[in-house]
Amino acid sequence: MSAERSSIAVLGAGSWGTALATLTARNGHPTTLWGRDPAMVEAIDRDHRNPRYLPDIPLPDSLRATTDLAAAVRDAGWVLVVVPSHAFTETLKLLAPLLPAGAGVAWATKGFEPGSGRFLHEVAGDILGADVPLAVVTGPSFAKEVALGLPTAVTVHGENPAFAQTVADAMHGPAFRAYTGNDMVGAELGGAMKNVLAVATGVADGMELGLNARAGLITRGLNEMLRLAAAIGARPETLMGLAGLGDLVLTCTGDLSRNRRLGLALGRGQAMDEAIRQIGQVVESVQTADEVMRLAARHAIELPISAGVRAVLHGEITPVDGLRQLLSREQKPEYPDTLFR
């Protein structure tokens with residue numbers, strides 16, 4: 001499969017899907033962006049603007065947009081799925097009968113399948129079958145900065161090295177570095193779990209607890225990621241790289257993060273429904289916190305920060321209660337046995 005000649009279909013015309021479609025189109029790859037909103041798709045195709053998500057950023061003239069899924073993927077060498085996690089299963093079911101022979105599927109969706117808690121590569125494998133090469137694109141990357149052409153680094157993980165390289169090659173450019181790996185479990189865990197931990201740091205900053213508190217939450221949050229990763233067979237270096245630490249730091253400190261902004265609002269005393277309404281986009285941490293804690297329970301791992309975030313998001317405790325619970329935990333060595341316990 002040649003990165004130079006493959007046409008690319010990007011499914012999902014939100015901010016991240018539009019940014020990645022813009023990236024591959026600028027890199028010279030024929031790219032078609034699929035979305036459900038006819039008015040927005042028409043604006044992208046005609047005016048080369050995404051009026052809702054990236055209104056001030058001009059999009060490449062070569063980028064095409066359509067509401068016709070079959071037309072979008074008909075000539076695609078590979079497909080990039082960029083929809084919220086709650087829409088991932090439905091989108092792949094629509095895609096499966098339309099996927100061209102030999103085409104691979106990558107995704108830049110972060111999270112778990114709602115309800116089942118399955119990793120997205122498990123969902124994709126079940127729906128698309130063992131013969132379709134799969135890859136996940138993840139790492140510290142705000143859509144607006146990618147669309148503006150600012151320097152960014154991500155990682156592409158897949159069990160098929162050739163396909164992961166194809167995806168990385170299509171994205172790699174003067175201001176965008178795309179690395180590769182083959183730890184899909186670790187890459188997906190980092191991309192999902194950082195959203196939960198970003199709420200915690202947002203809450204702390206909203207309560208004006210200081211930079212020390214923020215740094216402590218990020219570091220101990222990384223510890224929670226590493227312990228859960230070890231339990232499910234992910235490699236620690238994946239979580240110490242772009243898919244874990246990199247994405248965690250960005251999402252916990254950057255105000256373009258929807259999850260951090262939710263935490264900021266809650267920390268300032270705003271009601272959750274109102275905070276989400278003002279953000280105006282899907283906030284993945286609300287559902288992801290449930291799945292992270294189910295996974296932790298399955299492996300009998302204690303994750304106090306993630307557990308506190310889940311309780312706050314469900315209205316079971318206030319942010320002040322959550323802080324009190326964290327600070328009242330027993331004193332102990334930073335690493336009682338090993339890094340992962």
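## A quick tour of the chain

Let's start inside: the largest nonpolar core has 43 residues, and Leu189, Leu228, Leu262, Val292, Leu303 and Leu313 are the ones that touch the most other members. Helices α8, α9, α11 (242-253), α12 (258-267), α13 (272-279), α14 and α15 each put in at least two residues. The biggest giver is α8, with 10 residues in this core. Keep in mind that what you're looking at is a predicted model.

**The cores**

- Nonpolar side chains in soluble globular proteins tend to be buried together.

**The chain as a whole**

- Count up the secondary structure and you get 16 helices and eight strands.
- The radius of gyration is 20 Å, close to the 20 Å that the globule rule gives for 341 residues, so the chain is as compact as a globular protein of that length.
- If you draw a box along the principal axes, the C-alpha atoms fill roughly 60 × 40 × 35 Å.
- Of the 341 residues, 54% count as buried.
- Look at contacts between residues at least 6 apart in sequence, and 72% of them join residues at least 24 apart.

**Surface and charge**

- Most residues other than glycine have a negative phi.
- Glu208 isn't a glycine, yet its phi is positive, at about 55 degrees.
- You'll find Glu208 in the loop between α8 (184-206) and α9 (211-232), and with a relative accessible area of 72% it is exposed.
- Ala300 also has a positive phi without being a glycine, with a value near 55 degrees.
- Ala300 sits in the loop between α14 (285-298) and α15 (304-313), and it counts as exposed at 72% relative accessibility.

- Val137 belongs to strand β6, which runs over residues 134-138.
- With a relative accessible area of 1%, Val137 is buried, since anything under 20% counts as such.
- Leaving out residues up to four places away in sequence, Val137 touches Leu80, Trp107, Ala108, Val154, Thr155, Val156, Val167 and Met171.
- Pro161 is 24 residues from Val137 along the chain, and their C-alpha atoms are separated by 13 Å.

- Ile127 is part of helix α5, residues 120-128.
- Its relative accessibility is 23%, so Ile127 counts as partly exposed, a class that falls between 20% and 50%.
- Ile127 touches Thr89, Leu92, Lys93 and Ala96, again not counting residues up to four places away in sequence.
- Leu95 is 32 residues from Ile127 in sequence, and the two are 9.5 Å apart in space, C-alpha to C-alpha.

Note on methods
Residues numbered from 1 in each chain as written. Predicted model: local features only at pLDDT ≥ 70, side-chain atom pairs only at ≥ 80, totals over all residues. Heavy atoms only, no water. Helix = DSSP H or I, 4+ residues; strand = E, 2+ residues; numbered from the N terminus. Rg over C-alpha atoms; globule rule 2.2 N^0.38 Å. Buried < 20%, exposed > 50% of the residue type's maximum accessible area, 1.4 Å probe, protein only. Contact = heavy atoms within 4.5 Å. Core = buried A, V, L, I, M, F, W, Y, C linked by side-chain atoms within 4.5 Å.
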